Amino acid sequence: MDRDRLTASLGRRFARLATNAVVRRPGLWRLFRGALRRQFDRVAPQWDEIIQTDHLAAFERALEQVEPPTRRALDLGTGAAALAVARRFPEAAVVGVDLADSMIAEARRKTDRVRFEVGDASALSFEDGAFDLVTHANMIPFFDELARVVAPGGYVVFGFSGGSETPIYVDPGRLRGELERRGFMHFADLEVGRGTAFLARKAERG
Ligand SMILES: C[S@@+](CC[C@H](N)C(=O)[O-])C[C@H]1O[C@@H](n2cnc3c(N)ncnc32)[C@H](O)[C@@H]1O
């Protein structure tokens, strides 16, 4: 195996290890944060070559179930998924947040339709209930924080481009359990080609 392929393979394994650890014990994030940020800062210029053209097919299918159309959307671990949200909901204000400066720089070069910010999904700067849609494409979820910023009646969507083979992958049973405990309901599981997606809606207040 040449050096680039070995580095990519180790990167995928590290992302899988970090995802499994952090989903079970979010406090471990501080151990992975720096290395994961550096990993994505390094790959950002080649990211569009790494992903496949239809890598958001299942994610986009899940967006079709978001009704009524979102007005305020947040994409965490961002890039093309934020653009897909903006395309699907032309009236919405869309914010994309990513840990890695270079991922944000690449995203900003593509569009000014979305507001891109550097930030950490584990500690967001937004008010409680600030969004009626929060999306994750191939991104580690931080359940307490996402549940805080989703408004009552709002949605959360997760996309995994390679299904269970995706390095950053969380199985639907775990997603459902974590979200149910935080007041979400109306779950949907989707599959398109190799990709999978998961959607949940937060209960209305009262
Ligand atoms: C596998 S990439 C996915 C990028 C894009 N969503 C896509 O599917 O093409 C994961 C992204 O999540 C970002 N990320 C990882 N942990 C994060 C966190 N805690 N807060 C914000 N971004 C994070 C990484 O910097 C990276 O850009």
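Let's start at Thr196, which sits in strand 7 (residues 195-202); helices (H or I, at least four residues) and strands (E, at least two) are DSSP runs, numbered from the N terminus. This is a predicted model, in which local features need pLDDT of at least 70 and side-chain atom pairs count only at pLDDT 80 or more, while totals for chains, interfaces and linings use all residues. Residues are numbered from 1 along each chain as its sequence is written, and side-chain values use heavy atoms, leaving out hydrogens and water.

Thr196 has a relative accessible area of 18% and is therefore buried (under 20%, with a 1.4 Å probe and protein chains only). Leaving aside residues up to four places away in sequence, Thr196 touches Ala58, Phe158, Gly159, Phe160, Gly163, Tyr169, Leu190 and Glu191 (contact means heavy atoms within 4.5 Å).

Finally, the ligand. Among the 17 residues around the ligand, Trp47, Gly77, Asp98, Ala121 and Ala137 come nearest (a residue counts as near if one of its heavy atoms lies within 4 Å). Which backbone atom lies 2.7 Å from a nitrogen atom of the ligand? That is an N or O atom of Gly77, a polar contact (a pair of N or O atoms within 3.5 Å). For Leu99, a backbone N or O atom lies 3.1 Å from a ligand nitrogen atom, and for Asp120 a side-chain N or O atom is 2.9 Å from one.

Definitions and conventions. A polar contact is a pair of N or O atoms within 3.5 Å; within protein, one must be able to donate a hydrogen and the other to accept it, and residues adjacent in sequence count only if both atoms are side-chain atoms. Buried means under 20% relative accessible area, exposed over 50%, partly exposed in between (1.4 Å probe, protein chains only).
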